[in-house]
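Biologist: I would like to learn how to read a structure like this one, taking one feature at a time.

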Amino acid sequence: MKKYNIRHCPYCDAELNKGVIQAGQRIAWTPKVSNFVAEPTWKKDAVRLSKQGYVAMNYVDAYICERCKFVEIDYSD
Ligand SMILES: [Zn+2]
């Protein structure tokens, strides 16, 4: 995926602020919430988004527009 230095909000066109989403366990996209699986990447249809850093610190690059409450996640790395 091509990396863009500046990303813009699709709703208000303001510049998105770069940061990370960080969690104590792996971060995954899933089609729906499961009440039975504590680790989201165990689901067969899960897409793992986070890379793992030190001591179970999982994170993924993300861009935020606080005005629109919009977050864009880039898990291409
Ligand atoms: Zn916005």
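Modeller: Helices (H or I, at least four residues) and strands (E, at least two) are DSSP runs, numbered from the N terminus; from that end on, the elements of the protein run β-β-β-β-β-β, which amounts to zero helices and six strands. This is a predicted model, in which local features need pLDDT of at least 70 and side-chain atom pairs count only at pLDDT 80 or more, while totals for chains, interfaces and linings use all residues. Residues are numbered from 1 along each chain as its sequence is written.

Biologist: How many bridges join β5 to β6?

Modeller: Two strands pair if DSSP finds at least two bridges between them; here five bridges join β5 (residues 58-65) to β6 (residues 70-74), and the two strands run antiparallel. Asp61, for example, has Asp74 in β6 as its bridge partner. The hairpin of β5 and β6 has four residues between the strands, and in this hairpin Lys69 takes a positive phi near 55°.

Biologist: Is Ser76 buried or exposed, and why?

Modeller: A residue is buried if 20 or more other C-beta atoms lie within 10 Å of its own, exposed if 12 or fewer, and partly exposed in between, with C-beta atoms placed from the backbone. Ser76 is exposed because it has 9 other C-beta atoms within 10 Å.

Biologist: What percentage of the 77 residues in the protein is buried?

Modeller: Buried residues make up 12% of them.
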